[in-house]
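The sequence and the coordinates come first, followed by the description.

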Amino acid sequence: MDLTHPAPPGYRRLDAPGIVALLAGVAAVAARLGGAPDGWTLREVSDGNLNVVWIAAGPAGSVCVKQAIPHVRRDESWRLPLDRAEYEVAWMRQVAPVAGRRIPALHHYDPALFAIVMENLSPHVILRQGFVQGRRFPLAAPAIGRYVADAAFATSDLALPFERKFASMARFARNEAILRITVDLILADPYRDSPRNRWTSPHLDAAAAAVRSDAALKLAAARLGHRFLTCTQALLHGDLHSGSVMVTETDTRVIDGEFALYGPIGFDLGAFLGNLLLAWFSQPGHESAPGERAEYRDWLAAQIPAFWTAFHDRFLELWRAGGAGDAYPASLFADAAAQAGLEAERARFVAGLFADMLGYAGLKMIRRILGYAHVADLEDIVDPARRAACEAPALACARRLMLDAAAFTSAADVQALLAP
Ligand code: SR1
Ligand code: MG
């Protein structure tokens, strides 16, 4: 296998004139922008770890252009294949029927340039940035809970006959380089010596070493990792942190589906929960006076049951309405006794998703504090002592979620963990 991932012929990294040429060549996109191409304005807004992103605007409208580049954006030595753009487009196409306007509209895909032209979300902001600024978006957490329920149910064996689900699994099964990032950076690196790890040092040196020698925690991480690789419940977003959500007060969108894969539904749930918790733990680091963010913190904590309840209620609503899948076929549950048994089974199933969510939330928190890719919630706290003071209790919370998931029976229990 060629691990240098050379770019294929015909590929070039787009600059502003290259993007204008690409967009001018797609009549529907050119019409969306309006006017003449030489009047369009281009602005690079790259922010994530992997791709370059531009906003193009004309007199009639704007679009977003996201291009895969053959390496991690800030590390040219870390080579990556370009096909993650194809997986993102495949994810958009597969979830669009149930997600609707909760994902950006796909305007065009250029397979030679690995460039996606999509709806420019404006005036949306990245939810994580909103959390750092202490802004409230009351619809966001319930909207993400409902989105996960809709996308997960629709791509699961509850809704799809196995032939269609297996075909979809095959479509996403080779997203290998991206899966390797998740496997290494989330499931393993924080629990072993890795040159990619970093943390607030020296403040968290002892805490990082303790994680690397914590047999129970490493076993929990390995168990969750095994489940992640083997439990193909549904098509996941695969990277559903607060940086993959864009919001206004009234609209919530899920972006960046390039990590899509089949896996346990709790992985997506845990990604969002873990990042809500990181936002909560980070708040004292953003205060200009002690207690300034206390009410905001309470609001963040209240988003935990809002998120879980929205997911739980919607997932069960869809299941009770029935699906065309081969799992739990309606023909086996016609009489009242069988119906009652199925309802108890549904409750057991979502309790399993809840436990998975807690474990994966813990994994997601630890990787953002001890691993390669950190988050603005904590990184924006400039004073390392203050940052570490937020990170240390977040690590303790994550450990509890990974080891003690069974002790939590409701989202209110998780919220209570944050009570003073
Ligand atoms: C090298 S990529 C690091 C992280 O960025 C993405 O957003 C994913 O979270 C990935 O793990
Ligand atoms: Mg991303």
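## Backbone geometry in the loops

F114 is found in the loop between strand 6 (106–110) and strand 7, where helices (H or I, at least four residues) and strands (E, at least two) are DSSP runs numbered from the N terminus. The phi of F114 is positive, at about 50°, although F114 is not a glycine. Most residues other than glycine have a negative phi, and most peptide bonds are trans.

S122 and P123 are joined by a cis peptide bond with omega of about 15°, and P123 lies in the loop between strand 7 (115–119) and strand 8 (125–126). A cis peptide bond also joins S201 and P202, with omega of about 10°, and P202 belongs to the loop between helix 7 (176–188) and helix 8 (205–212).

## Basis of the model

This is a predicted model, in which local features need pLDDT of at least 70 and side-chain atom pairs count only at pLDDT 80 or more, whereas totals for chains, interfaces and linings use all residues. Residues are numbered from 1 along each chain as its sequence is written, chains are lettered from A and ligands numbered from 1 in the order in which they are written, and side-chain values use heavy atoms, with hydrogens and water left out.

## Helix 3 against helix 5

Helix 3 (residues 84–99) and helix 5 (residues 140–154) have axes that come within 9 Å and cross at roughly 110°; axes are lines fitted to C-alpha atoms, for helices over the stretch in contact, and angles run from 0 to 180 degrees between N-to-C directions. The two helices are therefore roughly perpendicular to each other, on a scale where angles under 35 degrees count as roughly parallel, over 145 as roughly antiparallel, 65 to 115 as roughly perpendicular and the rest as oblique.

The crossing of helix 3 and helix 5 is right-handed, a crossing being left-handed if the near helix is turned anticlockwise from the far one by less than a right angle, and right-handed if clockwise. In this contact (heavy atoms within 4.5 Å), W91, V95, V98 and A99 of helix 3 meet Y147, D150, A151 and A154 of helix 5. The residues of this contact divide into seven nonpolar, no polar and one charged, with Ala, Val, Leu, Ile, Met, Phe, Trp, Tyr, Cys and Pro counted as nonpolar, Asp, Glu, Lys and Arg as charged, and the others, Gly among them, as polar.

## Helix 11 and its partners

Helix 10 (residues 265–282) packs with helix 11 at an angle of about 165°, their axes being 8 Å apart. That makes helix 10 roughly antiparallel to helix 11. Their crossing is right-handed, and the residues of their contact divide into 16 nonpolar, one polar and one charged.

Helix 11 (residues 294–321) and helix 12 (residues 336–370) have axes that come within 11 Å and cross at roughly 145°, and helix 11 passes helix 12 in a right-handed crossing. The residues of the contact of helix 11 with helix 12 divide into twelve nonpolar, one polar and three charged.

## Surroundings of ligand 1

Ligand 1 is surrounded by 13 residues, of which N49, D239, F259, R367 and R368 are the closest; a residue is near a molecule if one of its heavy atoms lies within 4 Å of it.

A polar side-chain atom of R367 lies 2.6 Å from an oxygen atom of ligand 1, and a polar side-chain atom of D239 lies 2.8 Å from an oxygen atom of ligand 1. For R368, an N or O atom in the side chain is 3.2 Å from an oxygen atom of ligand 1.

Definitions and conventions
Polar contact = N/O pair within 3.5 Å; in protein donor to acceptor, adjacent residues only side chain to side chain.
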